[in-house]
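Me: I have a two-chain model on my screen. Walk me through the terms used for it, please.

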Amino acid sequence: MSIAVPWIIKYRPKNLSQYVNQEEAKAFLSAWIKEWLRGGTPSKKAVLLHGPPGVGKTALAEALAGEFGLQIVEMNASDFRRKSDIEKVAMIASKARSFDGKPKIVLLDEVDGLSGKEDLGGVEAIIDVIKNTKNPIIMTANNAYANQLRTIRTMNEVVLIELKELHQKDVLEVLRRICEAEKIFCDDKALKTIHERNKGDLRSCINDLESIGRTYGKVTLDLVEKLLPYRDRELDPFETLRSIFFAKYTWQAKSAAMHSQLDFDTLLQWINENIPVQLTEPENIYQAYEALSRADVHKGRIIKSGSWDLLSYANDLSTAGVSLVAKKEKLKWIKYSFPAMIKMLAETKASREKLLSAAEKIARNVHVSRRTALAEFIPLIRVIYRLDRNKAAYIMKSLNISPDEAVVITGEQEARELLEKKLSELAALAKKREKTEKTSKPESKGYKPAGQSRESSSKHSRQRTLF
Amino acid sequence: MSTELEYVLWAEKYRPKSLDEVVNQAETVQRLKKFIQDGNVPHMLFAGPPGTGKTTVALAFAHDLYGPDYQRYILELNASDERGIDVIRTKVKEFARTMIVGKVPFKLIILDEADNLTADAQQALRRMMELFTPTSRFILIANYPSKIIEPIQSRTAVFRFTPLKKEDVISRLKYIAKNEGVEYDEKALEAIFDISEGDMRKAINILQAAAAGGEVTVEQVYKVVGLAHPREIREMIKLALNGDFLKARDKLRKLMIDYGLSGLDVIKQVHSEIFKSDMDLSEEAKVLIADYAGEIQFRLVEGGDDEIQLNAFLAWLTLLGKKMSIQAQATR
């Protein structure tokens, strides 16, 4: 008898066709790898695969490598605390190609395992690796929206791919396939129970199947119910929300928040996003938001005053408060959404930054805050632009606004060319003025006081060149 | 027309450069001039609503104190733009480090929107003020003096700025219009005053926007004020009142992302929008909305999250819309 290989390794998909479901992710990834194989470096240099535990993130990276015969260099992100390891991976990633001319897949596993504070260096190291890589990088994370991943997540080089929770159908297909290969009897009801206990976590399912199948040579409902322990683990965002909205008792809602992967801030954002999706009655939507709003005010006070003992009140309102309202409705089973604001803010980063830099210039010029510049002066310039584009262009020029910024201020693409045109006209004018000034200087010097004459004569010459 | 090349923002162009040019806040100006005469300048707190001349007076004071190249002797900071008191401390430290040679033995630090600092940050500011007194004086500027902690108030000479009087605003607008060669209707200037509520900066901005379209008439004034407000504000209110919370929330996000508006800006604009004459709402509903908008503004000031608080407002508005339509059906 050979040494027993754990089934989780033995039945790992060797290529993409053995990997069940996640068709979109597979299609994107193979197109992406083909781009690398053509020899270039695509603008998207890294992929962040995220999804609940056991959904197959690492397996997908390996199946991809198998499909294209690529070597895989794997590193667990927790190793990013060790300098020598970082340097090793950074070196491999930045080297062009291996001997066969093929790129290597650099796999950074569990990047959300970095803690924001202690591993600041780790996050920066990953960012550096991504920027300098000449090989495709695949990162995995349970929670792509963890705070410490914010910078990585919003990089232009990074694509986020969500792996959806596996359906029962897919899980059962894999489990049956294993049962057949191992030649053991598997009761369908038993497999379904295994799936239920593990909530779409295929890895745990296979481990459970193995633990019973290897010992008893068969897997029946009876055995499963007797032997399988419930696993105690953190709730992912979806489970957290489900437990809060569907809680029978308020303590369940509170405990869901306590056992959630989400930190308090992010949990508020998730609830904020999903209240109007889960609830339908305006009265209830309002009451749930009112509870959330009050929780959020407590949070604001905590930050301002530093009194962390207020946190429990904030917690009560955001969980128990919301779930009490939800009890008034017959709830539907819905798919919860990621907080859209987090996504939108990431996607519109570039244009918002331009708007902010324009606001900064205006703020300095007119001695107001950036907020006032955004709320009062940018709308002013926008209105002037609609009524008299030239005037708006001259104002923007006087504020040193760049043509790119002009586009976000006015909301019009043409503003760029207009401002560029004005700038070059003015430059030409300035040159001309310099010339006329030189020639007109001697004649005016004679009969006018020096200081003033230059100014007035230049004004005249300006008029002449304009008309 | 040669001036078009120098066409700039009027709010800055017509900002009084020296205290002599400041027509309002006569008492304040008088006291400040005395400080300059005596060469004895305390730390100061300028408090009052927006557009009443706090920043202008601070800059004019600096101009009169140091002369035309006053910029070298002042540090302008805006508390709402700086990331925390540590950044402010670093900048102040750097600025106050060097002594200056000249008739005035200290530099001037102007900290605008100081009431945006948390109580802790203000304590740090108080210590800073003491530490740098040998080399610098502070002018703190705030909308709400009550939000400045006691120890700072007691260490500063407090100046209260009041909203500008109608005749002063209008005569200033006339002066600007004349100087810019703008035709105007008297009634239009009154409309500008009504809309700006004694906020000079806002009044000048409205004048400039209206003048960009030619003659300044009452219609033109209302038109540009309408244009300056993102139309999404009204659309958002209407969607919520008609019961479509999700679409209203989409508008809110657009306002916050495309226009870069903060939660406070949005709620204030909502407030001004509902009281417009063409807003089809009962008087009672307007007051109810104003009441809850005020509550939401308070929560935002307390440190609430922009989107969560505004969503709560929209959810409330959706509910109000539903109640109103039920009421309307019952009476019909």
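**Chain B and its interface**

Reply: Start with the fold of chain B. Among its contacts between residues at least 6 apart in sequence, 73% join residues at least 24 apart. Contact means heavy atoms within 4.5 Å. This is a predicted model: local features need pLDDT of at least 70, side-chain atom pairs count only at pLDDT 80 or more, and totals for chains, interfaces and linings use all residues. Residues are numbered from 1 along each chain as its sequence is written, chains are lettered from A and ligands numbered from 1 in the order in which they are written, and side-chain values use heavy atoms, without hydrogens and water.

Me: What makes a residue of chain B count as buried, and what percentage is buried?

Reply: Its relative accessible area must be under 20% (1.4 Å probe, protein chains only). Buried residues are 55% of the 332 in chain B.

Me: How many residues of chain B are in contact with chain A?

Reply: 65 residues of chain B are in contact with 59 residues of chain A. The two chains bury about 5700 Å² between them, 59% of it on carbon and sulfur atoms. Buried area is the accessible area (1.4 Å probe) that two parts lose on being put together, summed over both.

Me: Why is the pair Asp265(B) and Arg371(A) called a salt bridge?

Reply: The rule asks for a side-chain nitrogen of Lys or Arg within 4 Å of a carboxyl oxygen of Asp or Glu. Here the closest N and O atoms are 3.4 Å apart, so the pair qualifies.

Methods: Buried means under 20% relative accessible area, exposed over 50%, partly exposed in between (1.4 Å probe, protein chains only).
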